[in-house]
Amino acid sequence: MISKPEDINLKFTGDQIRAGTAHFISTKRVPHGWSLERVGTKIGVRSYVFTLDKRPDPLILKLYLDRSPHAQKEVMALSALTHCRVYGFPKLLACELQEPPLYTVIKKTPGRTLGLVPQQQIISFMPQIIALTRRLASPVFDSYGEIVNSASPVPNSRDLTGYLSSVRDYWSHSISQWANLSHATLCASTIASLSPPEPLLSNQPTLTHSDISLQNLIVGSGRINLIDFDNSMALIPEYDLCRLYLSLIVAGLHPDLGEFCALVGQIYGHDSEAV
């Protein structure tokens, strides 16, 4: 426990981070040299994201006050990407995964989110973004599903069709438990009508970000980087590409689906009609 914010040394060792965390939890005051960026919104998880003012390279500290798989997911994903030696992703510097509060320390990615970039400029970055999803799929896993041993209600599977069927059945049942009858019937029938896709871009489980959006894509010095890996899973590249396309629609861009698929085919080396 520390008594004054000024007592925190800006070297940001593990002891200093734990001291700053204890100070923040007990006083709700942000320690000197830390800037609170946002409060986490994940259900049932109290989390905070800080910038640590370590010049010339600021750091990002993600602090989880509860035991949850999100910190482990980010560590697993970023470690796998580092092992594959691919670029466009944050560098993990330190972590605490044993006892809450859990945390990860990541080198801050310079630039601004694509959500703050003019729409026409966003479209010009699409080849880079899709190429980024291909590099993202470099790490390969043994099964589809969670990349950490967590209490997932749906077990992992080596069979994509079987896994997605289990996910569909789980959500069909879950929706009927909390939604009103008419809404539950509509949602359940919609989910039940979905057919698992035939994977084209990869025939094995690969790393997926699972939350690609304009807010998680950072542009700086003409290069695109992807941040926030605490929802990562082992699925197929198509999942991230669908999330990306939907995020563009939500942002009001409405890109032509045929052109989007043609670009995916070009970058992944597949016929655009097959995509």
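What follows is a walk through some helix packing and strand pairing in this predicted model.

Helix H4 is a handy place to start. Two packed helices are described by the angle between their axes and the distance between the axes. H4, residues 126-136, meets helix H8, residues 257-268, with the two axes coming within 10 Å and crossing at roughly 50°. The pair is therefore oblique, and the crossing of H4 past H8 is right-handed. On the H4 side, the residues in touch are Met126, Pro127, Ile130, Ala131, Thr133 and Arg134, while H8 brings Phe260, Leu263, Val264, Ile267 and Tyr268. Sorted by class, that contact comes out as nine nonpolar residues, one polar and one charged.

H4 also packs against helix H7, which covers residues 237-250; here the angle is about 150° and the axes lie 10 Å apart. Angles over 145 degrees count as roughly antiparallel, and that makes H4 and H7 a roughly antiparallel pair. Once again H4 goes by its partner, H7, in a right-handed crossing. Met126, Ile129, Ile130, Thr133 and Leu136 of H4 make this contact, together with Asp240, Leu241, Leu244 and Leu248 of H7. The split by class is seven nonpolar, one polar and one charged.

Turning to the strands, S5 spans residues 102-107, and five of its six residues are buried, so the rest of the structure largely encloses this strand. S5 pairs with strand S3, residues 59-64, through six bridges in the antiparallel sense. Within S5, Thr104 is the residue opposite Lys62. S5 is also joined to strand S4, residues 92-96, by four bridges, again running antiparallel. In this case Leu92 has Ile106 of S5 as its bridge partner. S4 and S5 together make a hairpin, with five residues between the two strands.

Elsewhere there is an open sheet of three strands, ordered S7-S11-S8 and paired antiparallel. Strands S7 (145-146) and S8 (206-208) sit at the edges; each has a single partner strand, so one side of each is left with no neighbour in the sheet. S8 is held to strand S11, residues 233-235, by three bridges, and the two run antiparallel.

How values were computed: Residues are numbered from 1 along each chain as its sequence is written. This is a predicted model: local features need pLDDT of at least 70, side-chain atom pairs count only at pLDDT 80 or more; totals for chains, interfaces and linings use all residues. Side-chain values use heavy atoms; hydrogens and water are left out. Axes are lines fitted to C-alpha atoms, for helices over the stretch in contact, and angles run from 0 to 180 degrees between N-to-C directions. Angles under 35 degrees count as roughly parallel, over 145 as roughly antiparallel, 65 to 115 as roughly perpendicular and the rest as oblique. A crossing is left-handed if the near helix is turned anticlockwise from the far one by less than a right angle, and right-handed if clockwise. Contact means heavy atoms within 4.5 Å. Ala, Val, Leu, Ile, Met, Phe, Trp, Tyr, Cys and Pro count as nonpolar, Asp, Glu, Lys and Arg as charged, and the others, Gly among them, as polar. Buried means under 20% relative accessible area, exposed over 50%, partly exposed in between (1.4 Å probe, protein chains only). Two strands pair if DSSP finds at least two bridges between them.
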